[in-house]
Amino acid sequence: MSEILHSGLLQRALLEVVILGAACGALGVWLLHLRHAYAAESLAHAMLPGLVLASLAGVPLLLGAGGGVLVAAALIAFAARDTRVGSEIAVGVTVTTAFGLGAVLALAPDVPARLGDLLFGDLLGASTGDLVAACALAAVVAVALAAGHRNLCVAVLDPAAAPSLGVRPQRVELALLALLAVATVAAVQGLGNLLVFALLVAPAAAAMRLGRSVRTQLLLAAALGAGAGVVGLVVSAELDIAAGASVALAAVALYAVAAVARPSAATRAAARRSPVEALGAVR
């Protein structure tokens, strides 16, 4: 920990990962409530070709990430129009194709950045521009979630009655996915194409275990996301391991602790059964 306190490089990395963890954690609560975890993973993976092409062209990775997300979203929407295929299959085909193409491009000898940097991020290389992008992301997420809190609650708790209350669940979900795209683009440079998903989902899943109300879950998810960033970076500095992977593992570890500390209702009910009742349930 003392190394972080005396290193400007590590201090910038710590500040960036705390901001990203808090913003992604809060956003992840709504993604899980609306069952869009697969969409979060898909957008993160599908932007890889854009990242590689930006690296080849020598332009900012944020530009490539944004372009990759837009192209992937357009392809998914186009493929999903075929009712014989279905939206989930369309997403799966599009994402695996994009990720495979990105991996092939990333192995080209002309790519200046290593494939690992694109996949797993480079927290220790955080610049002032990265910090500005992280702060802008946090501000956008905070304002959007606060402004849309009522509509999100209605879309989650009572989607059938939402139109009568002036809320259109499809528009709410589209707005949330747009916010997800912005968050993914802003966080991908620090956490990488693969690991940003962990910070979007794991803190939110832990918060949903521990908190009863949505507001409590949002606050807990933001705190757990920031805490995972701090713990992961400290472990990375002490053990000299990859920072992005360490943060992702810390986020998952927090979920494991939450799952043990507060098991689900089904698990608690099963624990109260007698052995005979349990055998009967299995049959």
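Colleague: At what angle do H11 and H12 pack, and how far apart are their axes?

Modeller: A note on the source comes before the answer: this is a predicted model, in which local features need pLDDT of at least 70, side-chain atom pairs count only at pLDDT 80 or more, and totals for chains, interfaces and linings use all residues. Residues are numbered from 1 along each chain as its sequence is written, and side-chain values use heavy atoms, with hydrogens and water left out. H11 and H12 pack at an angle of about 130°, and their axes are 7 Å apart. Axes are lines fitted to C-alpha atoms, for helices over the stretch in contact, and angles run from 0 to 180 degrees between N-to-C directions. Helices themselves are DSSP runs (H or I, at least four residues), numbered from the N terminus.

Colleague: What makes H11 oblique to H12?

Modeller: Angles under 35 degrees count as roughly parallel, over 145 as roughly antiparallel, 65 to 115 as roughly perpendicular and the rest as oblique. The angle of about 130° therefore makes H11 oblique to H12.

Colleague: Which residues of H11 and H12 meet?

Modeller: Leu224, Ala228, Gly229, Val231, Gly232, Leu233, Val235 and Ser236 of H11 meet Ala243, Ser246, Val247, Ala250, Ala251 and Leu254 of H12, contact being heavy atoms within 4.5 Å. By class, this contact has 10 nonpolar, four polar and no charged residues. Ala, Val, Leu, Ile, Met, Phe, Trp, Tyr, Cys and Pro count as nonpolar, Asp, Glu, Lys and Arg as charged, and the others, Gly among them, as polar.

Colleague: How do you know that the span of H12 agrees with its number of residues?

Modeller: The expected span is 1.5 Å times one less than the number of residues. For the 19 residues of H12 this gives 27 Å, and the end C-alpha atoms are 27 Å apart, so the two agree.

Colleague: Why is Asp240 called exposed?

Modeller: Buried means under 20% relative accessible area, exposed over 50%, and partly exposed in between (1.4 Å probe, protein chains only). Asp240 has a relative accessible area of 69%, so the residue is exposed. Asp240 is found in the loop between helix H11 (214-239) and helix H12 (243-261), with a positive phi near 60°. Most residues other than glycine have a negative phi.

Colleague: Where is Arg35 found, and why does Arg35 count as exposed?

Modeller: Arg35 lies in the loop between H2 and H3. Its relative accessibility is 75%, and Arg35 therefore counts as exposed. Although not a glycine, Arg35 has a positive phi of about 60°.

Colleague: Is His36 buried or exposed?

Modeller: With a relative accessible area of 14%, His36 is buried. His36 is placed in the loop between helix H2 (8-33) and helix H3 (37-46). Neighbours within four places in sequence aside, His36 is in contact with Leu31, Glu173 and Leu177.

Colleague: What makes H3 roughly perpendicular to H10?

Modeller: H3 and helix H10 (residues 169-210) pack at an angle of about 70°, with axes 8 Å apart. That angle makes H3 roughly perpendicular to H10. By class, their contact has 13 nonpolar, three polar and one charged residues.

Colleague: Why does Ile19 count as buried?

Modeller: The relative accessibility of Ile19 is 15%, so Ile19 counts as buried. Ile19 is in helix H2 and touches Ala134, Cys135 and Ala138, not counting residues up to four places away in sequence. The C-alpha atoms of Ile19 and Gly229, 210 residues apart along the chain, are separated by 8.8 Å.

Technical notes: Helix = DSSP H or I, 4+ residues; strand = E, 2+ residues; numbered from the N terminus.
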